[in-house]
Structures are given as structure tokens and as C-alpha cells.
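Here are a few friendly notes to read beside the structure. Take them one at a time, and find each residue on the model as you go.

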Amino acid sequence: MSEATFYYPQKMGRVILQGMEEVMGRNGLSGVLRLNSLEGIALNFPPASNERTFSFKTVSDIQTAFELAYGPRGGRGVALRVGRASFKYGLKEYGSMLGLTEMAFRLLSLSTKLHVGTNTFADLFNKHTDQKVQIEEQDNKILWHIERCPLCWDRKAEEPICHLAVGLIQEALYWVSGGKVFNVEETNCIANGGAVCTIVIDKNPIL
Ligand SMILES: [Zn+2]
């Protein structure tokens, strides 16, 4: 099973590194990546190409580097911030194909925006990467299930560790809703023995 190798497109790897650079600066980024022998990608950022060759293992190794640099708690905070910061770079690469900036979308109700937004983002991952996402909608919650998760690829942990996805989803929902903040939490993680990684979104904003 962990023999199989899955990939992000190069430009999605680039998006993560751009988010990292915004949070920790170029030198900080190099230092953190060096801790897990990833200095090569710091020197040469992945190109903005669709070529699906940025391995899940590399994505996961970057998450491990956060922990090596800042400890589990500090690493979690940094991963959340990198996820939030990455969103706008992702939007630059993929925004025009999403159709979420059209006037028709902006006029929808909040709950419809959340429904359309989360499904659109899930489609993006499903169509353009080897990461598989399934959306499950409940009364007050949206469950974002990640099958084949790059963030915790080949990792073991006592608790959920896909913090970068949590930050990314928070920022995506802030943008989709025109400035509202939602409670987003990973409740289930493959690294912790789960069948999938599940990120739970409260449909009612906290702010
Ligand atoms: Zn995961």
C-alpha cells in the first residue's frame, strides 16, 4: 500500500512553498526544509506546471519538517498559517477555472455558497491531483473526507496532523463567504489509524 506513489501537480507544490515563504521568509523556509533534507526544493521552487510529479511523500516530509523545526505544538501553528497563506497562491493558479468569482455566485445565500464552494474545491483536488476528497453534508456541518491524504502520507501520530488542510479550508471559506470565520477541525486522521482524514466544518460562522 505505501509502495504506491501518488502526486500533486508541480504547481500545487509551488503553492505550498509560496505560502511557507510568506510565513517564514526565504531563509526560514530554507532552514526548515534543510532539517528534513529538502533543501533542493528551497533552492529550486517547483515550476507552475500541471505535471503530476510532486510526490505525496514530499508533501508529507514538509509537514514533518515543521515539527522538527518548531516541535509538535509550534509546528501545528505554523502549518495552519502556511495553509491559510497558501490559499491566495492557489487562487492565482486555479481561481479562473473555479467560477466562484462570478456575480451569480456572489448573490447566493451563505449556505449555498458553502455547498457550492466546498464541492468546487473538492472537484479541483479530485480532477487535478491524486488526492481524493469526498464531501458529506449534515444539518449543521460539512465533512471534508480526504482519502489518500498527502499531508500525513506514511506518517503515524497520536492525534490528527493534517493542519495545513485545516488552515487552507478556513481561508477558502473566509474567501467564499466574503469575510466570515468558520470553526474547522480535523477529527479523524489516517496517521492516527483512521480510514480517511476527516475535516469538520461548522456551517454557522463564529465571526
Ligand atoms: Zn491526512
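The points below go from the whole chain to its aromatic rings.

1. Please keep in mind that this is a predicted model. The chain contains 6 helices and 6 strands, and their order along the sequence is β-α-α-β-α-α-α-β-β-α-β-β. With a radius of gyration of 16 Å, close to the 17 Å from the globule rule for 207 residues, the chain is as compact as a globular protein of that length.

2. Now look at the folding as a whole. Of the 207 residues, 49% count as buried. Among contacts with a separation of 6 or more, 66% are between residues 24 or more positions apart.

3. On to the rings: the whole structure has 8 aromatic pairs. One of them joins Tyr8 and Phe56 edge-to-face, with 5.6 Å centre to centre and 70 degrees between the planes. Tyr8 sits in strand E1 and Phe56 in helix H3, so this pair ties together parts 48 residues apart in sequence.

4. Another pair, Phe87 and Trp175, is tilted: the centres are 5.7 Å apart and the planes 55 degrees. Phe87 belongs to helix H3 and Trp175 to helix H6, so the pair links parts 88 residues apart in sequence. Here Phe87 is buried at 7% relative accessibility, whereas Trp175 is partly exposed at 29%.

5. Finally, try to find the aromatic cluster formed by Phe6, Tyr8, Phe56, Phe125, Trp144 and Trp153.

Conventions: Residues numbered from 1 in each chain as written. Predicted model: local features only at pLDDT ≥ 70, side-chain atom pairs only at ≥ 80, totals over all residues. Heavy atoms only, no water. Helix = DSSP H or I, 4+ residues; strand = E, 2+ residues; numbered from the N terminus. Rg over C-alpha atoms; globule rule 2.2 N^0.38 Å. Buried < 20%, exposed > 50% of the residue type's maximum accessible area, 1.4 Å probe, protein only. Contact = heavy atoms within 4.5 Å. Phe/Tyr/Trp six-rings, centres within 6.5 Å; stacked < 30°, edge-to-face > 60°.
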